[in-house]
Amino acid sequence: MTGPIPLPPNARARLPTPFNTSPEPLELIAQGAESLLYKTTFLSPSQPAALKIRPVKKWRHPTLDKRLTRARILAEARVLVKLSGEGIAAGGGGRKVKDPKREGEGVGGMRGLVPAVLGLDWEGGWLVTEWIEGGTVKERIYRVSRAGTKGGGRVGEAGGEGVEELRGLLRKMGEVVGKLHACGIVHGDLTTSNMMLRPFGTASPESSKPERHDEASAQSSTRSASDVDQPQATSTSQTSLEGDIVLIDFGLATQSVSDEDRAVDLYVLERAFGSTHPWEEELFACVLDAYAHGEGSGMAGKAGKTVIRKLEDVRMRGRKKSMLG
Ligand SMILES: Nc1ncnc2c1ncn2[C@@H]1O[C@H](COP(=O)(O)OP(=O)(O)O)[C@@H](O)[C@H]1O
Ligand SMILES: [Mg+2]
């Protein structure tokens with residue numbers, strides 16, 4: 001992680017209510033074109049939370065700006081609630097869906113694989129979700145490739161350290177995207193910055209799937225019995241690629257089951273991966289392979305393979321477009 005960004009003067013006073021007066025800790029984590037992302041706590045000092053604020057755009061017409069902000073916040077929250085199968089999780093008392101297993105509409109199919117929504121206010125322009133430990137997949141790959149210099153360089157290079165681990169991580173990326181698509185949602189902005197790698201055993205109890213939680217705690221207890229790996233000590237010291245992928249940033253997500261839309265989702269990830277991780281680029285095939293095979297009960301049967309075939313067309317169009325300049 002690059003660490004928190006220093007807060008600009010008056011930052012707190014300029015936040016929407018109730019964050020402008022509340023005594024909760026506040027760290028600026030990321031500053032995008034459309035939003036500010038803070039780490040804070042919400043409802044209880046023991047509930048770490050990600051606060052996403054979409055500030056007023058002064059250059060936009062105020063009515064239009066309000067409408068856009070409201071639409072984006074609602075869209076993101078709706079998708080998250082649908083995927084996790086929970087209502088607003090206020091204090092852990094969120095509405096429980098009867099059968100959180102995957103089904104046609106995808107209600108609850110991604111529980112524990114997306115952050116739980118804790119609160120929102122579209123007038124104020126903010127959305128609060130559960131904080132996910134461990135850093136982004138991007139940061140984690142960067143960290144490992146730095147840590148791996150002993151073996152002669154980047155993690156993706158032949159003979160470099162950690163290639164097998166990276167392959168495993170990439171397969172998990174393919175799995176989770178497959179699961180998302182099987183739930184009838186395309187993400188719209190898949191990148192390694194929009195995927196978190198949460199260390200095993202750090203999922204909050206309400207948001208994790210029962211079976212996943214068991215599996216995770218079983219694994220973490222074996223490890224912590226052996227030595228160093230305490231779940232708390234994970235967020236800054238992780239130099240491994242272990243953990244569960246959690247998808248974030250659903251501001252551009254839409255409901256779709258079209259092969260074309262799914263293929264474009266994968267294409268966006270492929271391009272982003274190639275430019276963010278050029279040394280590891282050739283391993284991206286692992287993502288597609290796991291997706292195609294419906295690993296982790298994602299795009300099962302022929303569904304995954306059909307999308308991968310479509311991806312060929314999407315790539316071809318991409319190449320033509322870039323040739324035309
Ligand atoms: N729930 C979360 N837990 C931990 N970190 C988060 C969370 N949500 C966002 N972040 C961090 O903030 C960054 C920006 O958030 P994101 O939702 O991707 O906003 P943007 O639309 O500006 O890209 C992410 O890349 C990640 O580092
Ligand atoms: Mg993002």
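**Entry 1: overall.** I began with burial: of the 325 residues of the protein, 48% count as buried (buried is under 20% relative accessible area, exposed over 50%, partly exposed in between, with a 1.4 Å probe and protein chains only). The model is predicted, so I kept in mind that local features need pLDDT of at least 70 and side-chain atom pairs pLDDT 80 or more, while totals for chains, interfaces and linings use all residues. Residues are numbered from 1 along each chain as its sequence is written, chains are lettered from A and ligands numbered from 1 in the order in which they are written, and side-chain values use heavy atoms, without hydrogens and water.

I then looked up the secondary structure and found seven helices and nine strands (DSSP runs numbered from the N terminus, helices being H or I of at least four residues and strands E of at least two).

Entry 2: I traced an open sheet of five strands in the order 1-2-3-5-4, with antiparallel pairing (two strands pair if DSSP finds at least two bridges between them). Strand 1 (27–31) and strand 4 (117–121) are its edges, each pairing on one side only. Strand 2 (residues 36–42) and strand 3 (residues 44–53) are joined by seven bridges. I checked one residue there: Y38 has L51 in strand 3 as its bridge partner.

Next I looked at what covers these strands. Helix 1 (residues 62–84) lies across strand 3, strand 4 and strand 5 (126–130), at about 160 degrees to strand 4 (axes are lines fitted to C-alpha atoms, for helices over the stretch in contact, with angles from 0 to 180 degrees between N-to-C directions; contact means heavy atoms within 4.5 Å).

**Entry 3: the core.** I looked up the largest nonpolar core and noted 49 residues, with L83, M110, M173, M195, L247 and F250 having the most contacts inside it (a set of buried Ala, Val, Leu, Ile, Met, Phe, Trp, Tyr and Cys residues joined through side-chain atoms within 4.5 Å). The elements giving two or more residues to this core include helix 1, strand 7 and strand 8. Helix 3 provides the largest share, eight residues.

**Entry 4: the metal.** Which protein atoms are donors of the magnesium ion (ligand 2)? I found N194 (OD1) and D249 (OD), 2.1 to 2.2 Å from the ion (donors are N, O and S atoms within 2.8 Å of the metal, or 3.2 Å for Na, K and Ca; water is not among the atoms, so sites may look incomplete). N194 lies in the loop between strands 6 and 7 and D249 in the loop between strands 8 and 9, so the pair ties together parts 55 residues apart in sequence. N194 is buried at 7% relative accessibility, whereas D249 is partly exposed at 25%.
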